[in-house]
Amino acid sequence: MDNEKLISRINSLLIKNKSLTKEARTEFEKYAKEISKGASPDRLNEINKKLTETENSMRGLHRLGTFFKKQMSQAAESFSKWFSAGSVVKSLIAQTENAISEIQQMDTLLTRISAKNDALSDSALKNIADNAFDVAGRYGKKAADYLSGVQEASHAGYRNSDEIAELSIAAQSTGDMTAELANQMIFAADRAYQMNGSVAELTKMLDGMNYITDHNAVSMTQLAEGMSIVGDTAASFGVDVRETTAALAAMITATHKGGSDVAQALKDILLYISQVSDAERGIDAKGLARYEAACSALNVKLKETKNGVLSLRDPMEVLKELAAAYNRLDETDTRRNALLGAMGTASQATLLDVLLSQWDTYEAMLKQYTDGSGSMAKEAERMADTWEGSLNRLSNTWTATIENVVNSDAVSAAINVLNGLLSVVNTLTDALGPLGSIGLGAGITSFVKNFA
């Protein structure tokens, strides 16, 4: 079924059946509203079946008005005795099906992890599988989320893929970002700053980022986007991860632009200061010379002589001196305008102005980055206690329980118990006679038939 056809069917039922009870009409309108907001294919099929069953029941009564309402009222007391039991059975089986589906997903992920990492022993793989529920639960995530992270880290060549995966779900939890973006940021920063997969160094970076986002109008998602773009360039010019993070955060906070836009501008700023041309970005030798002259007019040199060798200066030291000189000038000063004009585009000029004008903010963020030690773990603990985190932990516990059952002889006994409960429900259905087709048609009878 698709949404439009099902809504059309509901409208047709409402129009053609003038004697519908108020309760039935309200129910049909509720279905239409639910469908219009977007329902899953399974939910659409479920609603479609309920409409068919209700329609058949009403056709058997020859009218849809007060007589139907009276019949339903008379049945209510009988239904109440078995309805709760039937709902429990249905819910139990639905949750079990979900758990088995997740177990299958986990098994597939473990197979892929093993295939991508030849050095991973059987005992190490088993240890990852055994710890999946516990590790994921600490961050309010599902076990499959954690194993997916292990797979991605293994694919990227990490020998400590389980530890990298835990860092990733911690970042996802505290930073409210996607798994793809969290992995992308961790891999990019690790590569750019040659951390060699050091969990301690990567944790320090994530702690610093998290602490800055807790105290400023910038998100982990924005910083992750920015670091993924500018990290390699910044590291190649000697700008450390702390300085890169603070520069991105200061510019994002002041402009409210996305992380990718700010990162592109920061990359251009570093290219101009380091006198590196880039045809794709429109930076040529002429533009570099004009920028160097503008800096020189402010008594800021881009190069220095050490031990008789002329070399480029540290970019952040250059920016610090530029900020001091720039902020002393009047806004109409030609030297100020010459520096901004030396940038290739108006957007680049605007963001250079922001970085220099907000240098105090940048330096404050450097300190916040250093003070952030341990902040991510604390926040992850809080996030794990939210409704979503708690429900994911509950789901993990149930899935782990089902996994134990599936791998034991108790599974046959469990199935027999469920079959026994369903047999009782079927017996009660028969006892209700024709009236049973009304209520159970919209409830447990449909479920039992589908399950069988």
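**Aromatic pairs.** I searched the whole structure, a predicted model, and found 3 aromatic pairs, where rings of Phe, Tyr and Trp (its six-membered ring) pair if their centres lie within 6.5 Å, and planes under 30 degrees apart count as stacked, over 60 as edge-to-face and the rest as tilted. For tyrosine 272 and tyrosine 291 I noted ring centres 5.3 Å apart and planes at 35°, so this pair is tilted. The pair links distant parts of the chain, with tyrosine 272 in helix α12 (residues 259-273) and tyrosine 291 in helix α13 (residues 285-296), 19 residues apart; helices here are DSSP runs of H or I with at least four residues, and strands are runs of E with at least two, numbered from the N terminus. Tyrosine 272 is buried at 2% relative accessibility and tyrosine 291 is buried at 0%, buried meaning under 20% relative accessible area, exposed over 50% and partly exposed in between (1.4 Å probe, protein chains only).

I then looked up tryptophan 359 and tyrosine 362, a tilted pair at 4.3 Å centre to centre with 35° between the planes. Both lie in helix α17 (residues 359-371), 3 residues apart, about one turn of the helix.

**Basis of the values.** I kept in mind that in this predicted model local features need pLDDT of at least 70 and side-chain atom pairs count only at pLDDT 80 or more, while totals for chains, interfaces and linings use all residues. Residues are numbered from 1 along each chain as its sequence is written, and side-chain values use heavy atoms, with hydrogens and water left out.

**Helix α12.** I found that 12 of the 15 residues of α12 are buried, so this helix is largely enclosed by the rest of the structure. Its buried residues, which include Gly259, Lys267, Asp268 and Tyr272, pack against α10 (220-236), α11 (241-255), α13, β2 (309-312), α14 (315-328) and α16 (346-357). Just after α12, I noted that glutamine 275 takes a positive phi of about 55°.

Leaving aside neighbours within four places in sequence, I listed Ile269, Ile273, Leu352, Leu355, Leu356 and Trp359 in contact with leucine 319, contact meaning heavy atoms within 4.5 Å.
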